[in-house]
Amino acid sequence: MHNIETGLTSQQVKDRIALGEVNVASLGSSRSLGTIARADNAWTGDQAHTATMIVLSIASLWVLALHSTPVTAPRIAIFTGMLALCAALFNVPWVGGFFGFVPPATSQLLLVLAIGFAVNACVSVASKLLKTS
């Protein structure tokens with residue numbers, strides 16, 4: 001229960017921490033990819049947009065996975081559903097076309113995945129530090 005006089009409940013604090021992790025990941029990855037795309041003329045605007053969305057999807061799924069413990073059937077269903085939505089966004093042509101996604105070149109995709117995993121590492125460290133403090 002939320003009591004205005006005592007402040008936020010522990011669950012509300014955890015929810016805000018998860019949201020903060022997504023925001024930090026979003027800002028950091030968007031700025032990194034934007035800087036790289038501007039410096040490298042091989043990127044089109046649509047490829048940079050798609051790359052940013054791939055990184056944000058990876059980071060969002062990671063935060064969802066970190067905060068889905070203990071594992072229960074409903075949490076597995078939610079995670080599986082989000083994973084399927086992400087897969088559809090980038091692999092079903094008419095869905096990706098609706099959002100203006102363009103497949104990045106292989107070298108670009110490798111860079112996007114590296115940034116995505118670096119963001120996940122940062123989120124994991126932040127999550128561990130918050131749990132121990």
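The following questions and answers go through a predicted model of one protein chain.

User: On what basis are the residues numbered, and which pLDDT do side-chain atom pairs need here?
Analyst: Residues are numbered from 1 along each chain as its sequence is written, and side-chain values use heavy atoms, with hydrogens and water left out. Because the model is predicted, local features need pLDDT of at least 70 and totals for chains, interfaces and linings use all residues, whereas side-chain atom pairs count only at pLDDT 80 or more.

User: Which pattern does the protein chain follow when read along the sequence?
Analyst: Helices (H or I, at least four residues) and strands (E, at least two) are taken as DSSP runs, numbered from the N terminus. On that basis the protein chain has five helices and zero strands. Read along the sequence, the pattern is α-α-α-α-α.

User: What percentage of the 133 residues of the protein chain count as buried?
Analyst: Accessible areas come from the Shrake-Rupley method with a 1.4 Å probe, and for residues only the protein chains shown count as cover. The accessible surface of the protein chain comes to about 8,700 Å², of which 71% belongs to carbon and sulfur atoms. A residue is called buried under 20% relative accessible area, exposed over 50%, and partly exposed in between (1.4 Å probe, protein chains only). Of the 133 residues, the share that counts as buried is 26%.

User: How many disulfides does a search of the whole structure find?
Analyst: A disulfide is a covalent bond between the sulfur atoms of two cysteines, and the search criterion is a pair of cysteine sulfur atoms within 2.5 Å. Cys-86 is buried, with a relative accessible area of 13%, whereas Cys-122 is exposed, with 55%. The number of disulfides found in the whole structure is zero.

User: Why do the rings of Phe-90 and Phe-101 count as a pair of their particular kind, and what is that kind?
Analyst: Rings of Phe, Tyr and Trp (its six-membered ring) pair if their centres lie within 6.5 Å, and planes under 30 degrees apart count as stacked, over 60 as edge-to-face and the rest as tilted. A search of the whole structure finds three aromatic pairs. In the pair of Phe-90 and Phe-101, the ring centres are 5.0 Å apart and the planes stand at 25°, so the pair is stacked.

User: How many residues apart in sequence are the parts that the pair of Phe-90 and Phe-101 ties together?
Analyst: Phe-90, which is partly exposed at 26% relative accessible area, lies in helix H3 (residues 73-91). Phe-101, which is buried at 14%, lies in the loop between helix H4 (93-99) and H5, so the pair ties together parts whose separation in sequence is 11 residues.

User: Which residues form one aromatic cluster?
Analyst: Phe-99 and Phe-101 form an aromatic pair that is stacked, at 5.9 Å centre to centre and 25° between the planes. Phe-99 is partly exposed, with a relative accessible area of 43%. The members of the one cluster are Phe-90, Phe-98, Phe-99 and Phe-101.

User: Leaving aside neighbours within four places in sequence, with which residues is His-49 in contact?
Analyst: His-49 is found in helix H2 and counts as partly exposed at 33% relative accessibility. The C-alpha atoms of His-49 and Phe-101, 52 residues apart along the chain, are separated by 7.1 Å. With neighbours within four places left aside, the contacts of His-49 are Phe-99, Gly-100 and Phe-101.

User: Is Ser-57 buried or exposed, and with which residues is Ser-57 in contact, leaving aside neighbours within four places in sequence?
Analyst: Ser-57 is found in helix H2 (residues 45-66) and has a relative accessible area of 12%, so Ser-57 is buried. Apart from neighbours within four places in sequence, the residues in contact with Ser-57 are Cys-86 and Phe-90.

User: How far apart in space are Thr-44 and Pro-104, C-alpha to C-alpha?
Analyst: Thr-44 is found in the loop between helix H1 (10-39) and H2, and is partly exposed with a relative accessible area of 41%. Thr-44 and Pro-104 are 60 residues apart in sequence, and their C-alpha to C-alpha distance is 9.1 Å.

Terms used: Contact = heavy atoms within 4.5 Å.
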